[in-house]
Amino acid sequence: MTGIPFLSLAIWVPIVGGLLALASGSDRNASVARFVALFFALAGLAVSIPLYTGFDATTSAMQFVEAYPWIPRFNINYVLGVDGISVLFVLLNSFITVIVVVAGWEVIQEKVGQYMAAFLIMSGLINGIFSALDGVLFYVFFEASLIPLFIIIGVWGGANRVYAAIKFFLYTLAGSLLMLIALLYLFMESGGSFNILDWHQLKLGMEVQSLIFLAFLVSFAVKVPMFPVHTWLPDAHVEAPTGGSIVLAAIGLKLGAYGFLRFALPIAPDASHAFAPLIITLSLIAVIYIGFVALVQTDMKKLVAYSSISHMGFVTLGFFIFNPLGVEGALVQMISHGFVSAAMFASIGVLYDRMHSRQIADYGGVVNVMPKFAALFMLFAMANSGLPATSGFVGEFMVALGAVKFNFWIGFGAATTLILGAAYTLWMYKRVVFGAVANHHVAELTDINNREFVFLAILAVCVLAMGIYPFPVTEVMHASVNELLKHVAVSKL
Amino acid sequence: MNFVIPDFYPAAAELFVVAMSFVILLAGTFSKHPRNVAYALSQLTLIGAAAITLFTMDGQVSFTFSNMYVDDLMGDFLKLVLYFAVAIALLYSRSYMNDRKIETTEYYVLAIFATLGMMVMITANHFLTIYLGLELLSLALYAMVALLRDSARATEAAMKYFVLGALASGLLLYGISMLYGGAGTLEISGVAQAIYQQAGNKTVLMFGLVFIVAGLAFKLGVVPFHMWIPDVYHGAPTSITLFIASAPKLAAFAMAMRLLVNGLFEFAEQWQSMLMVLAVLSIVLGNLAAIAQSNLKRMLGYSGISHMGFMLLGLVSGVVGGDRHFALNAYSSAMFYVVSYVLMSLASFGVLLLLSRAGFEAEALDDFKGLNKRNSWFAGVMAMVMFSMAGIPFFVGFFAKFSVLQAVVAAGYIWIAILAVVMSLIGAFYYLRVVKIMYFDEPLEATPLTAPADMRALLSLNGIAIAVLGLAPQALMSLCAYSLLGSL
């Protein structure tokens, strides 16, 4: 172990940066706030990179562990650590933060300091969620990260932003409050420990496991979001500013899925097996039904939002078929979706900044006036529909393979996403980009500038790199996933 | 009976405050600048009392005045928080009272008398001493509510408060008299002893207990004894609401500890089940009714009802099936809750006072519209307070809820805990609405804030304290637990 606390740095560097951006004051100093934000976003990324380069992929143990007492009164400790499952998300989050800061550079003109601060603070909190190994620490980061996004949606969002912001906050809070009870219960059962790894070893009866699993399920299902509790997401996405949508899709949705792997599966393995049919059913409904829902959307952002729900259905499906291919595929899918959905929302943001419309019907023939943009957008659309050689393909293929191994018809149902995804994404792309120039607004569009080109191009490189050579990603998670599955296979009764 | 000169040492702080209240009265009468002098002397009184309390704090439990008075760590700690809360309340209220021409010597004297009443309640070791303290506090508060005597709303509120308060005092006194009939003594430890030896008639004692709980519930303002809260909070001048909504909660908590825990601990299972009903009703009704309020003072009143209900949940988790080793954990979480609540309550009404000015009462929700555009720092402070009250981390309100819920779960009341968090979710809605109004709406007016610098500074510190205590709650939590150790 090196002596440098990289995880703490990954959490606190962005938060300090956010506070500084907040302190930079009014909009007269907007450019100061922007540069402060960019600097700290890059610094946050810089301190996250050693987590990957210094990561030992041969072990499933927690690495970069830091442990200090925080609230000894309740034996709450500041314990951080990452394994092969979480390390990639810290990196992804730090990376997306840079993209978001760049994406909001000129677009946001009002309360720039607060905007940048909200994103940086959220970035630090989310890194905390992925690296916390103490139940209360996790919960605290988990809840606190709601505040910045609430403010982001409510202040810089679209016309119906207030409704969306409050709906987002209350939905996710509703879930997490039940988790708090579960955490407290585990604290009692374990004889006074909030350490998540201790809980993994805790023997629990079936009834208790079921209740704890349900509490976690409610909390994480809302966050993923899974089928019946997904309705907040389209509203939040549509109303959020571009940056908010990017973070929400790329990182926010991963929190719930990560929670399943860190809490629900290892703490309540028997209940997880017992409830697997339910989760698989809900996941398939998400994949197929929400896929059809996406098909009929007239609003581009809403379409991508529904596509995200459908893709996340794939992730939960992968988790609950309990084989390495499924879980690894789901994790790859999560990372990939992080890039692809970020890129999709960024692209839609580029269009929205020019036209101030998200309606598909208002566009048409964009390729004639924005050729560079159309090319990049094409790549992202292909990735979203799961074309081989893009990152979207790898995860979907692995999960589908795992699902077929588990049960042919489940695999069959899951694989329909390849058709549906292609249908809704490419049809939208066709209506927006191809054809003759639809109206004089489209005719006046200007192609992307250098700033926009840079962040879209970086995302494009990521999407392609992961699609062509996913080994660096799968290699890291291999040991941890195997260990997790071994653990889940052993009954705790 | 021999006359023994009592040991004044344990009650030194109270005696100092009594003396100072006369000094303030005299100084106010003969000074050329009565307001300033009275204000300065009041703050001096509080600082002096704090110094004496700190100086005489020795960790021992000592009794005086024929065992009517006790000096222990719990009392010392609560008194220190009390001085602090009153000092902040006086500072916040100053410019508001001045603008309304009611910043008089009497106001400060009444505030100091109320403080004295609370101190007596906190350190009483006798049912009658508690009653005396309570009346001293209540009479001062009735008068303070009516200070704005030309306002019909304020006098109506004072009248309601007085009538209902007198009724509650009567209930309490009636309960105490039954207790006396059953136990044959009114000294708290004596009552405990008598019940332990099963000396008295249990039916009479139980009746006494019911009346005492009712009187206590009125002071705490929990359902169904909460009727006065919304009207008094709304009708009283905001600065007085601030006073009522902060320090007296500490005293009421101390009273509950002295009466129920120290005195009637043998009946813990009985009063726990009564308080449980009160707590659940308060959490449910407080949160639901707060949603419907368009007046922030009323909203905070109902929210206070739910907070007190939450605090009671800590008190009901102390004894489970005769097993008492949960007690310290449970009572110290309740104490932590009440201290955190006082801090948040001060800040929330502080912001209301900040927005008010001569001829303008900031109390409707709409008065907060677009505050972020007018003054983003104080909008931030108010947002922190609201998130904290809603129980969102990293603010102290989260750890307050956390520690109480932890005690509730430890006692095995999982369903109560679930009900409590579901109700906090409903509570989150109206707190969020305040944040929404401040951040997402356009301001209705652009008048700059006129509050003086000392108030701004203190309010900022108050907000920062809510965040800092949320990041590092350990010190306060262990102080609460430590100070209770000697009193159980």
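A residue is buried if 20 or more other C-beta atoms lie within 10 Å of its own, exposed if 12 or fewer, and partly exposed in between, with C-beta atoms placed from the backbone. By that rule, 63% of the 493 residues in chain A are buried. This is a predicted model: local features need pLDDT of at least 70, side-chain atom pairs count only at pLDDT 80 or more, and totals for chains, interfaces and linings use all residues. Residues are numbered from 1 along each chain as its sequence is written, while chains are lettered from A and ligands numbered from 1 in written order.

Chain A holds 21 helices and two strands. These are DSSP runs (helices H or I, at least four residues; strands E, at least two), numbered from the N terminus. Along the principal axes, its C-alpha atoms fill a box of roughly 70 × 55 × 40 Å.

Now turn to chain B. Two residues are in contact if their C-beta atoms, placed from the backbone, lie within 7 Å. Chain A brings 26 residues to the contact and chain B brings 25. On the chain A side, H7(A) gives the most, with 15 residues.

Finally, look at helix H17 of chain A, residues 391–406. Buried residues in H17(A) include Phe393(A), Val399(A) and Ala403(A). Among the elements covering them are helix H13 (300–319) and helix H18 (408–433) of chain A.

Methods:
Expected span 1.5 Å × (residues − 1).
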